[in-house]
Amino acid sequence: MSETTAHTTRPESATSIRLPATILGVGLGGFVDGIVLHQVLQWHHLLSSTGSDRIGVREYPVDTVPGLQMNTLWDGLFHVVTWVAVLTGLALLYSRVTHSRGRLWRSPMLWGWALIGWGLFNLVEGVIDHQLLGIHHVRSGPNQLWWDLGFLALGVVLIAVGWAIQRRARAVDLCAPERR
């Protein structure tokens, strides 16, 4: 069977970058959340609103050593999950690309779907952790609802921008050789 025939008979899902790029975006969005909001700004940790949450998790106040230790542990577990998402997205991308790796990394299609993944991360994490479980908020205090809604709005904007970018992008032929 010729290479052209093999290429034309491959199912679209085997060469699509939608799923791997979206998973990559989820992981990268989680890293931005964990690194910027948890570590750099220290606005919240994964369990920083326990004690007033909606599921009855024991309180782990971040202004005590044991509370900060438990929050740091759960922040670390959160980072493990986001790291696995990034590795999974990269592995899926790598498995689908045969010749055009350079073209893939320059592709608006890839980055559009990655933005969609990041936005999905914000929406899922914001609805589940901030609203349903209440285990932490973007920034606790008198305006915490507005911070949480802003986080959700950012997720919607990321999805909309990513959708617009990937809709205008040309598909990347992952099996075509790179032209120099």
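In the predicted model, the backbone oxygen of Leu47 lies 2.8 Å from a polar atom of the Thr50 side chain, and the side chain of Thr50 also reaches the backbone oxygen of Arg58, at 3.1 Å. Both are polar contacts, defined as pairs of N or O atoms within 3.5 Å, of which, within protein, one must be able to donate a hydrogen and the other to accept it, residues adjacent in sequence being counted only if both atoms are side-chain atoms. Because the model is predicted, local features were required to have pLDDT of at least 70 and side-chain atom pairs were counted only at pLDDT 80 or more, whereas totals for chains, interfaces and linings use all residues. Residues are numbered from 1 along each chain as its sequence is written, and side-chain values use heavy atoms, with hydrogens and water left out.

Thr50 is placed in the loop between α3 and α4, where helices (H or I, at least four residues) and strands (E, at least two) are DSSP runs numbered from the N terminus. With a relative accessible area of 4%, Thr50 is buried; the term buried denotes under 20% relative accessible area, exposed over 50%, and partly exposed the range in between, for a 1.4 Å probe and protein chains only. When residues up to four places away in sequence are not counted, Thr50 touches Val57, Arg58, Glu59, Tyr60 and Ile135, contact meaning heavy atoms within 4.5 Å.

The side chains of His136 and His130 are joined by a polar contact of 3.3 Å. His136 and Asp148, which are 12 residues apart in sequence, are separated by 9.7 Å from C-alpha to C-alpha.

The protein as a whole contains seven helices and zero strands. Of its 180 residues, 40% count as buried, and among contacts between residues at least 6 apart in sequence, 77% join residues at least 24 apart.

The axes of α3 and α4 are 8 Å apart and the two helices pack at an angle of about 155°, which makes α3 roughly antiparallel to α4. Axes are lines fitted to C-alpha atoms, for helices over the stretch in contact, and angles run from 0 to 180 degrees between N-to-C directions; those under 35 degrees count as roughly parallel, over 145 as roughly antiparallel, 65 to 115 as roughly perpendicular and the rest as oblique. The axes of α6 and α7 come within 7 Å and cross at roughly 155°, and α6 and α7 are therefore roughly antiparallel to each other.

The largest nonpolar core comprises 13 residues, of which Ile17, Leu93, Leu104, Met109, Leu110 and Trp113 touch the most other members. Such a core is a set of buried Ala, Val, Leu, Ile, Met, Phe, Trp, Tyr and Cys residues joined through side-chain atoms within 4.5 Å. Two or more residues are given to this core by each of α3 (18–40), α4 (65–96) and α6 (108–132), with α6 giving the most, four residues. Apart from this core lies another, of six residues, among them Leu37, Phe78, Val138 and Phe151.
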